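I opened my notebook to keep track of what I looked up in this structure. Here are my entries, in the order I made them.

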Amino acid sequence: MEVKKVSVRIGDSDLVFETGKIAKQANGAVYARYEGSAVIATVCCGKQPNEALDYVPLSVEYNEKYYAAGKIPGGFLKRESRPKDKEILVSRLIDRPMRPLFDKAFGREIQVVPTAVSSDMNNTPDIIAINAASAAVTISDIPFAGPIAAVRISMVDGKFIVNPTFSEIGKSDLDIVVAGTRDGITMVEGGAKEVSEEVMLEAIATAQPVITKLCDAQLELRKIAGKEKLPVIESKVDLSWLEPVKEFAYPLIKEASFVKGKMERYAALAVAQNQVREKFEELVAEGDNRDDQLSKLFEDLEYEILRSSILNDGVRTDGRKVDQIRPITCEVGLLPRTHGSALFTRGETQSLAVTTLGTASDEQMFDTIDGEKTFSSFMLHYNFPPYSVGETGRLTTGRREIGHGHLAQRALEAIVPSKDVFPYTIRVVSEIMESNGSSSMASVCGGCLSLMDAGVPIKKPVAGIAMGLITEGADYAKYVVLSDILGEEDHLGDMDFKVTGSREGITAFQMDIKIAGVTPEIMKKALEQAKQGRIHILGIMEETLKAPRTEINEFAPKILTLKVEEDKIGAVIGTGGKTIKAIASQSGAEVNISDDGTVTIFGKNNASAQLAKELVQSIVEEPEVGKIYQGTVKRIMDFGAFIEILPGKEGLCHISKLAKTRVQNVEDVLKVGQVVPVKLIEIDRQGRLNLSYIDAIEGASK
């Protein structure tokens with residue numbers, strides 16, 4: 001096969017798509033390169049269709065090879081192993097905009113494998129991977145209503161940058177990935193440092209013309225190298241038998257659909273469905289797959305009933321108005337020995353969020369192909385156990401848990417203090433206790449409250465809300481934006497739109513659109529409604545805990561810092577580290593000192609940290625005339641005793657300064673190794689320290 005390629009100018013460089021040289025046995029394969037970063041994306045499908053499938057069996061497996069950046073994997077096994085969180089997150093970025101564009105009637109398993117094979121550690125491979133994956137499917141023989149394309153938008157110094165470099169991302173106030181088709185935006189995900197809704201809309205608008213260019217380039221590649229598409233399964237099923245069933249079932253399903261309470265509603269729907277099955281038992285038994293067709297009818301009826309109620313009556317399945325938030329309760333400090341805890345409940349969704357404070361040794365290390373190893377001092381982990389929805393199952397951490405946790409972490413990162421302000425490693429865990437929609441946003445709210453309960457000096461509170469959309473008619477002439485969506489509304493709606501932020505602006509953003517694209521008017525309306533809901537939630541949270549606690553929890557480790565003169569660093573460390581090790585051993589704290597003289601102390605508790613601090617200060621402290629010290633007798637001479645008042649600093653206590661009366665023998669008063677109070681009465685011209693035992697005793701007794 002002849003090598004075919006197209007290129008498209010993005011920013012200052014060309015994104016090149018090439019096919020025909022690599023992975024020729026795949027259904028579709030594209031080698032995509034942007035400067036020194038490159039991705040090979042392939043797609044394959046099953047040999048035979050499965051008519052029974054009512055979903056798209058798609059899997060996306062983005063992976064990064066360490067050799068791409070000239071690295072060898074760390075650890076005992078020197079090969080790539082299970083997917084890293086970053087690879088899973090990028091796989092989700094590829095999956096979400098592409099999945100709705102595959103036809104369920106194709107009926108075959110589809111696997112997309114984008115592999116990052118070269119990284120210049122300057123241009124991000126994830127954006128290349130999204131575009132390469134779409135291009136591979138577009139030129140393949142797999143039916144696909146694409147292409148889709150993606151760009152990253154950052155804002156540095158108030159200016160938008162398309163596909164920024166890693167260094168530009170590090171300096172940005174906004175970092176979002178925007179994906180879509182030629183018709184409009186279908187996915188947005190990213191974070192920001194409290195940007196306004198107007199800025200977010202402008203950033204998304206900046207992405208659309210670039211996405212159109214990228215889609216056109218993929219269509220050009222398909223024109224010169226595309227394969228003929230495989231057929232989809234044509235449905236020849238006679239569904240006329242369902243007409244009387246639908247007429248009987250409609251009022252039963254409608255009544256059950258508005259029963260209050262998730263589990264109660266599910267139970268009512270089950271009763272209604274059983275009534276229908278009993279009524280038409282003989283009719284259902286007459287043909288193959290009729291039971292499946294009946295189940296599909298129930299789902300379609302629920303879809304039709306709920307959407308019609310929202311669009312025409314403004315009434316939702318739980319009786320709320322379209323912009324109404326479910327009842328919220330907040331509680332903090334409910335776990336007795338954790339460093340911070342909060343229970344956030346919104347309707348039938350509940351997050352138990354727990355904050356743990358650790359030291360620098362607890363930081364999360366990341367070793368990727370993006371650059372040097374990095375460390376993170378803030379982590380958020382999300383757990384969704386099966387009991388949260390009343391089911392049994394395995395307790396695992398899947399792609400959903402990683403994706404939801406990443407979104408919640410991004411939401412809170414903007415308000416977590418920097419290490420120089422709060423030198424702790426922070427881990428937040430959100431345990432979903434029950435769920436009926438928006439559990440990731442409950443994790444943001446609960447996580448924020450648990451941080452404040454732990455005494456973390458966050459910049460300001462942050463809350464999150466999930467929005468939905470129901471549309472009707474050409475160009476979505478009729479639409480309703482929903483606030484704080486339920487699980488059913490997510491499943492039956494046209495958009496899942498999550499926004500987090502403070503009162504001042506947005507900190508994280510995730511939008512998935514199931515229709516061709518939304519208009520700027522709809523997006524603006526959704527953002528305005530989300531802001532109102534977010535501020536409402538923040539008000540309830542602030543009634544529970546308005547600001548972070550002034551002190552960290554008594555069970556948390558204590559971290560102290562102090563600065564010593566650079567010429568005293570050696571004294572603190574000691575020969576071969578002897579002194580600093582002795583401080584750690586005596587206090588039970590970990591003590592580190594940097595080249596600029598900054599001493600960081602990690603104590604198991606406050607007493608341990610304070611003792612270590614006192615020991616360090618005693619080493620670098622300069623003797624002060626008139627001050628009383630607790631000194632250790634080192635040597636005894638005929639004329640007095642040499643006493644160490646500070647590490648490495650000895651003074652002479654003359655025999656005449658041992659008592660008011662005459663002392664014949666120094667050893668009658670002092671013994672070697674004895675710890676006694678002494679007063680520094682003089683530092684002579686030669687820097688020698690003169691001490692008095694009797695003056696210290698008398699001073700202490702006054």
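**Entry: H5 against H6**

At what angle do helix H5 and helix H6 pack, and how far apart are their axes? This is a predicted model, so I read every value as computed from that prediction. I found an angle of about 165 degrees between H5 (residues 242-257) and H6 (residues 262-279), with the axes 9 Å apart. Angles over 145 degrees count as roughly antiparallel, and H5 and H6 are therefore roughly antiparallel to each other. I noted the crossing of H5 and H6 as right-handed. From H5, the contact takes Val245, Phe248, Ala249, Leu252, Ile253, Ala256 and Ser257. H6 answers with Arg265, Ala268, Leu269, Ala272, Gln273, Gln275, Val276 and Lys279. Sorting the residues of this contact by class, I get 10 nonpolar, 3 polar and 2 charged.

**Entry: H5 against H8**

The axes of H5 and H8 come within 9 Å and cross at roughly 50 degrees. H5 and H8 are therefore oblique to each other, and their crossing is right-handed. On the H5 side I listed Leu242, Val245, Lys246, Ala249, Tyr250, Ile253, Lys254 and Ser257. They meet Gln293, Leu294, Leu297, Phe298, Leu301, Glu302, Glu304, Ile305 and Leu306 in H8. I count this contact by class as 11 nonpolar, 2 polar and 4 charged residues.

**Entry: H4 against H12**

Next I looked up helix H4 (residues 197-225) and helix H12 (residues 520-544), which pack at an angle of about 150 degrees with their axes 10 Å apart. That makes H4 roughly antiparallel to H12. H4 passes H12 in a right-handed crossing. I found Glu197, Leu201 and Ile204 of H4 in contact with Met523, Lys524, Leu527, Lys531 and Arg534 of H12. By class, the contact of H4 with H12 has 4 nonpolar and 4 charged residues, and no polar ones.

**Entry: the second largest pocket**

How much space lies in the second largest pocket? I have it down as about 1,900 Å³. The lining of this pocket is made of 47 residues, and Arg99, Asp490, His491, Leu492 and Lys514 lie nearest its centre. I sorted the lining into 15 nonpolar, 12 polar and 20 charged residues.

**Entry: cavities**

About 90 Å³ lies in the largest cavity. Which residues line the largest cavity? I wrote down Leu15, Tyr34, Asn123, Thr124, Ile127, Ile128, Asn163 and Pro164. By class this lining has 5 nonpolar, 3 polar and no charged residues.

**Entry: two backbone details**

Met121 lies in the loop between strand E7 (110-118) and H2. The phi of Met121 is positive, at about 55 degrees, although this residue is not a glycine. Pro147 lies in the loop between helix H2 (125-139) and strand E8 (149-156). I noted a cis peptide bond joining Gly146 and Pro147, with omega about 10 degrees.

Technical notes
Residues are numbered from 1 along each chain as its sequence is written. This is a predicted model: local features need pLDDT of at least 70, side-chain atom pairs count only at pLDDT 80 or more; totals for chains, interfaces and linings use all residues. Side-chain values use heavy atoms; hydrogens and water are left out. Axes are lines fitted to C-alpha atoms, for helices over the stretch in contact, and angles run from 0 to 180 degrees between N-to-C directions. Helices (H or I, at least four residues) and strands (E, at least two) are DSSP runs, numbered from the N terminus. Angles under 35 degrees count as roughly parallel, over 145 as roughly antiparallel, 65 to 115 as roughly perpendicular and the rest as oblique. A crossing is left-handed if the near helix is turned anticlockwise from the far one by less than a right angle, and right-handed if clockwise. Contact means heavy atoms within 4.5 Å. Ala, Val, Leu, Ile, Met, Phe, Trp, Tyr, Cys and Pro count as nonpolar, Asp, Glu, Lys and Arg as charged, and the others, Gly among them, as polar. On a 1 Å grid over the protein atoms alone, a cavity is a set of points where a 1.4 Å probe fits but cannot get out, and a pocket is an open set with protein on both sides within 12 Å along at least five of seven lines; lining residues have an atom within 4 Å of a point. Grid points are joined across faces, edges and corners, and a volume is the space filled by probe spheres set on the points.
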